[in-house]
Amino acid sequence: MQQTESSIHQVGTSTRPMKESDFQQAVIEYAQANGCKLIYHTRESRGSESGFFDLVIPKPPVLYLIEVKKEGAPLTKGRLGGKNKDRWLPGQQEWFEALKACFVVSVNLWRPSDWQYIEETLGR
């Protein structure tokens with residue numbers, strides 16, 4: 001759905017419920033209009049880890065991890081899943097709590113030759 005700047009500013013003022021996808025698009029367009037040049041969204045999530053945020057928006061010095069929900073919709077909770085219901089699938093609640101507790105963002109490029117460093121970093 002193409003949104004105009006005036007419709008973006010009206011988000012949250014309508015008496016009609018807004019679809020999650022429309023709200024997400026409004027957030028993306030607003031971020032772009034306000035200087036956010038990089039916005040990540042997994043369009044096809046099959047095969048991706050469950051529960052991860054809808055949007056990742058770096059706007060230095062802040063990295064925004066954003067879960068977009070329609071009004072009143074809760075975050076999903078982790079559950080057993082997979083073919084035999086024997087694999088833990090994290091929910092949005094678990095991701096939200098874990099990442100909210102992080103005070104540092106570490107940006108890395110790792111290659112197989114960095115394995116010793118990877119072990120040292122993740123083994124702390």
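**View 1. Aromatic pairs in a predicted model.** The pair count here comes to 4 aromatic pairs. Rings of Phe, Tyr and Trp (its six-membered ring) pair if their centres lie within 6.5 Å; planes under 30 degrees apart are stacked, those over 60 are edge-to-face, and the rest are tilted. Phe53 is buried at 8% relative accessible area, where buried means under 20%, exposed over 50% and partly exposed in between (1.4 Å probe, protein chains only). Phe52 is partly exposed, at 33%. Residues are numbered from 1 along each chain as its sequence is written, and side-chain values use heavy atoms, with hydrogens and water left out.

**View 2. The pair of Trp110 and Tyr117****.** Trp110 and Tyr117 are also edge-to-face. Their ring centres lie 6.5 Å apart, with 80° between the planes. Trp110 is partly exposed, with a relative accessible area of 34%. Tyr117 is partly exposed too, at 39%.

**View 3. A hairpin of two strands****.** Strand 1 covers residues 55-59 and strand 2 covers residues 62-66. Strands (E, at least two residues) are DSSP runs, numbered from the N terminus. Two strands pair if DSSP finds at least two bridges between them. Here 5 bridges join the strands, which run antiparallel. Val56 has Leu65 in strand 2 as its bridge partner. The hairpin has 2 residues between its strands.

**View 4. The second largest pocket****.** This pocket holds about 430 Å³ of space. Its lining has 22 residues, and the closest to its centre are Ser45, Glu49, Ser50, Gly51 and Phe52. A pocket is an open set of points on a 1 Å grid over the protein atoms alone, where a 1.4 Å probe fits, with protein on both sides within 12 Å along at least five of seven lines; lining residues have an atom within 4 Å of a point. By class, the lining has 4 nonpolar, 10 polar and 8 charged residues.

**View 5. Two cysteines, Cys36 and Cys102****.** Cys36 is buried, at 8% relative accessibility. Cys102 is partly exposed, at 44%. The model has 0 disulfides, a disulfide being a pair of cysteine sulfur atoms within 2.5 Å.

Definitions and conventions:
This is a predicted model: local features need pLDDT of at least 70, side-chain atom pairs count only at pLDDT 80 or more; totals for chains, interfaces and linings use all residues. Helices (H or I, at least four residues) and strands (E, at least two) are DSSP runs, numbered from the N terminus. Grid points are joined across faces, edges and corners, and a volume is the space filled by probe spheres set on the points. Ala, Val, Leu, Ile, Met, Phe, Trp, Tyr, Cys and Pro count as nonpolar, Asp, Glu, Lys and Arg as charged, and the others, Gly among them, as polar.
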